[in-house]
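These are my notebook entries on a two-chain model. I list what I looked up, entry by entry.

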Amino acid sequence: MSPETAPAASEADRPAPSLRELFVGFLSVAVVAFGGVLPIARRAVVERYKWVDSDEFTELVGLAQFLPGPNIVNLSIVIGSRFRGVPGAIAAFCGLTLAPAVFVIIAGTLFARYSDEPAVADLLSGLAAGAAGLVIAMAGRMGERLWRRPSVQGLGVVAAAFIGIAVLGLPLLWVMLGLAPVSVALAWWSLR
Amino acid sequence: MNDDSVLGQLATHFLLISLLAVGGANAVLPEMHRQVVDVAGWMTNEQFAQTFAIAQAVPGPNVLIVTLIGWHVAGPAGALVTTLAMCGPTCVLAYVVGGIWHRFRYAKWRRAIQGGLVPLTIGLIAASGFLLAQGAARSLPTALYITLTALVLLFTRISPLWMLFGGGLLGLLRLI
């Protein structure tokens, strides 16, 4: 969490980015973002463009993760709107998504057309294996703090969510409605 | 099924999914899978795993898997509908809440919500990884490569791209 004093001082020093800069900035994040976008976004937004400082970024990521919807998209909206209101949010969002949407459709169409070719099917199966491993590693990374200081409540919620979805195949809505209040209540209680 | 009803279904599915997507697109993959493969039958299990792989191998936010699913189901209109349904409402929410959130950063309720959602998100993403692994593991060597990728990306800082391309290459050579 950011200290009370730091952001006010540093925000004043920096000129607010223009709509074009927001678009290009998020485009530059999107075109090199493989797997996890957040570390790349951090490098661009904090280190290269200096739009927000490190603490602010951590706080914005917390917000983007708390809000429903894709985290990096939420982050682009929050940063874009902070500087340029609604047009800023739209510029950042378009920078982030337009070019990659075109890439992904081209790649998808090509793969679909040649998916009967054994070589393409083999390539895709191999890619899918890598992608599955990536998601497992992501869960492991997100839990770093929890693994280091494990708590019964935290591990219990992780296990319950995993079992509900992966083992029992329950609809996500039930799992969320069942577990979110419990988990937030446990967090509230442990903050005392 | 006519086109309108398919687009309507896509919009409804992905709108609901987006509102449940606390923790991002990867946390709702099993729900997408349930809707797209099990309920609607728009894709096979394998097609879903491959679509996810393509979305990961192409640069950009990983939410773009929904664009690709929409494209697969209903062409350009489908791609537009799924992408807007997945991003539109949550963007509005992010815009509104973004302003308020900063003001309450020391409030206990805010920290409790943030803290409580972390383990939930971890469990959901782990479940996604498990189900994707089930879809992708067509042989013992594939399962080993999934495990290797997870371990390498967990314990080293190398770019995930190398492990994706490594998998693609090994697949191409029929080694996994």
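Entry 1, a helix pair in chain B. I looked up which residues join helix 3 of chain B to helix 5 of chain B: Asn45(B), Glu46(B), Phe48(B), Ala49(B) and Phe52(B) of the former meet Leu132(B), Gly135(B) and Ala136(B) of the latter. Contact here requires C-beta atoms, placed from the backbone, to lie within 7 Å. Helices are DSSP runs of H or I with at least four residues, strands are runs of E with at least two, and both are numbered from the N terminus. By class, I find five nonpolar, two polar and one charged residues in this contact. Nonpolar covers Ala, Val, Leu, Ile, Met, Phe, Trp, Tyr, Cys and Pro; charged covers Asp, Glu, Lys and Arg; the others, Gly among them, are polar.

The model is predicted: local features need pLDDT of at least 70 and side-chain atom pairs count only at pLDDT 80 or more, whereas totals for chains, interfaces and linings use all residues. Residues are numbered from 1 along each chain as its sequence is written, and chains are lettered from A and ligands numbered from 1 in the order in which they are written.

The axes of helix 3 (residues 45–57) and helix 5 (residues 108–136) of chain B come within 9 Å and cross at roughly 115°. Axes are lines fitted to C-alpha atoms, for helices over the stretch in contact, with angles from 0 to 180 degrees between N-to-C directions.

I count seven helices and zero strands in chain B. Its C-alpha trace spans about 55 × 50 × 25 Å along the principal axes. Of the 176 residues of chain B, 55% are buried, that is, 20 or more other C-beta atoms lie within 10 Å of their own, C-beta atoms being placed from the backbone.

I find 83 residues of chain A in contact with 89 residues of chain B. On the chain A side, helices 4 (54–66), 5 (71–113), 6 (118–142), 8 (152–167) and 9 (172–191) each give two or more residues. Helix 6 of chain A supplies the largest share, 22 residues. The chain A side divides into 61 nonpolar, 18 polar and four charged residues.

Because 18 of its 25 residues are buried, helix 6 of chain A is largely enclosed by the rest of the structure.

Terms used: Contact = placed C-beta atoms within 7 Å. Buried ≥ 20, exposed ≤ 12 C-beta atoms within 10 Å, placed from the backbone.
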